[in-house]
Amino acid sequence: MVDQLIIAITGQPDVAKAWTSLVAPSDRVGIKICAAGGELFTTHRDVVNAIVDGLVAAGHSRNSIIVWDRSLGGAVDAGYKASNEGYQLRAIAPGEGYDRNAAFTAPLLGKLIWGDLDYKPTKGQPLLSDTENTSSESHFCRIVSSEVTKIINVPVMSDSATNGIAGCLYNVTIPDVDNWRRFAQATGFAASGIPEIYSNPLIAGKVVVNIMDGLIAEYAGGPASQPNYSVHYGTLLASKDPVAVDAVALRQLEEWRKRDSLPAIGPLATHVQVAAQMGIGNADPSRIAVKKIAR
């Protein structure tokens, strides 16, 4: 499925040429997965391995490829084993895993916690005030800022209790910065926070393709594992346009939610429309052509 999608997206005759058209042999390639969904709703290992196999066919060494998420608890549950994969399976190290020289400022204060780069512990010193442990600044992780030059974005087809959909836009923004909790809401600046982060050259300039894993889709309670609200969808959605993938996935999630008499999540997913307004991609259904590659 992955091979067919990449060939279709690039228009190349075979898998090796398809991946070569997206990433040069000199590129340092990272694959951003979602590992928040435990055994069932983490980006499936077979999908990642198919991507890695394609990159190897295009001339990349397996051990140079970085596969990562903020934490890897779900990846362990989903069968990933760092010692067996051949590629680098990485989590973002709390604190030191973020780059002080790659900062993003937003007019929205967030309360810093352990793991954020600028968090100041109170141990051994007077209790800090709330003002001293808040910040309007986030930092990109070092993997994004300096370790990879191209990113393959592989989110899971899942809703988000805070942002409506934990799709392509969400997957390479919220998990890749510290002080992120201020963006996990749909109102005010948070609605544009995800698109603003995505539009940074460290993200937008590096993401070459988005492949959404909908083999098992989750339409409520995500991105944490909620098997009662899942569908064996057997589908991968792929495009160079992250907004289009999210818009298509959001409509399908809404259909499943309506079937189960669940409230709409569109009002929480305002970042998708904001991203379209910012020119990151296209969310207009009349301008999105969905092509079925195989069944």
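This is a predicted model: local features need pLDDT of at least 70, side-chain atom pairs count only at pLDDT 80 or more; totals for chains, interfaces and linings use all residues.
User: How do you know the size of the protein chain agrees with a compact globule?
Analyst: We use the radius of gyration, taken over C-alpha atoms, and a globule rule of 2.2 Å times the number of residues to the power 0.38. With 295 residues, the rule gives a value near 19 Å, and the protein chain has 19 Å, so the two agree. The C-alpha atoms fill a box of roughly 65 × 45 × 35 Å along the principal axes.

User: What counts as a helix or a strand, and how many are there?
Analyst: They're DSSP runs numbered from the N terminus: helices are H or I with at least four residues, strands are E with at least two. The protein chain has 12 helices and 11 strands.

User: Why is Tyr-219 called buried, but Tyr-229 partly exposed?
Analyst: Buried means under 20% relative accessible area, exposed means over 50%, and partly exposed is in between (1.4 Å probe, protein chains only). Tyr-219 sits at 2%, so it counts as buried. Tyr-229 has 31%, so the label is partly exposed. Across the 295 residues of the protein chain, 53% count as buried.

User: What makes Tyr-219 and Tyr-229 an edge-to-face pair?
Analyst: Rings of Phe, Tyr and Trp (its six-membered ring) pair if their centres lie within 6.5 Å; planes under 30 degrees apart count as stacked, over 60 as edge-to-face and the rest as tilted. By this rule there are four aromatic pairs. For Tyr-219 and Tyr-229, the centres are 5.9 Å apart and the planes are at 80°, so the pair is edge-to-face. Both residues lie in the loop between β9 (207-218) and β10 (230-231), so the pair ties together parts that are 10 residues apart in sequence.

User: And why is the pair of Tyr-219 and Trp-256 called tilted?
Analyst: Their ring centres are 6.1 Å apart, with 45° between the planes. That angle falls under neither the stacked nor the edge-to-face cut-off, so the pair is tilted. Trp-256 is in helix α11 (residues 242-259), so this pair ties together parts that are 37 residues apart in sequence. Both Tyr-219 and Trp-256 are buried. Ring pairs link Tyr-219, Tyr-229, Tyr-233 and Trp-256 into a cluster.

User: What makes Asn-179 and Ser-261 worth a look?
Analyst: Each has a positive phi in a residue other than glycine: near 45° for Asn-179 and near 60° for Ser-261. Asn-179 is in the loop between α8 (168-171) and α9 (190-199), while Ser-261 is in the loop between α11 and α12 (270-277).

User: Is each of them buried or exposed, and why?
Analyst: Asn-179 has a relative accessible area of 1%, so it is buried. Ser-261 has 67%, so it is exposed.

User: Which residues does Ser-136 touch?
Analyst: Contact means heavy atoms within 4.5 Å. Leaving aside neighbours within four places in sequence, Ser-136 is in contact with residues including Phe-104, Leu-108 and Arg-182. Ser-136 is in strand β5 (residues 134-141), and at 28% relative accessibility it counts as partly exposed.

Note on methods. Residues are numbered from 1 along each chain as its sequence is written. Side-chain values use heavy atoms; hydrogens and water are left out.
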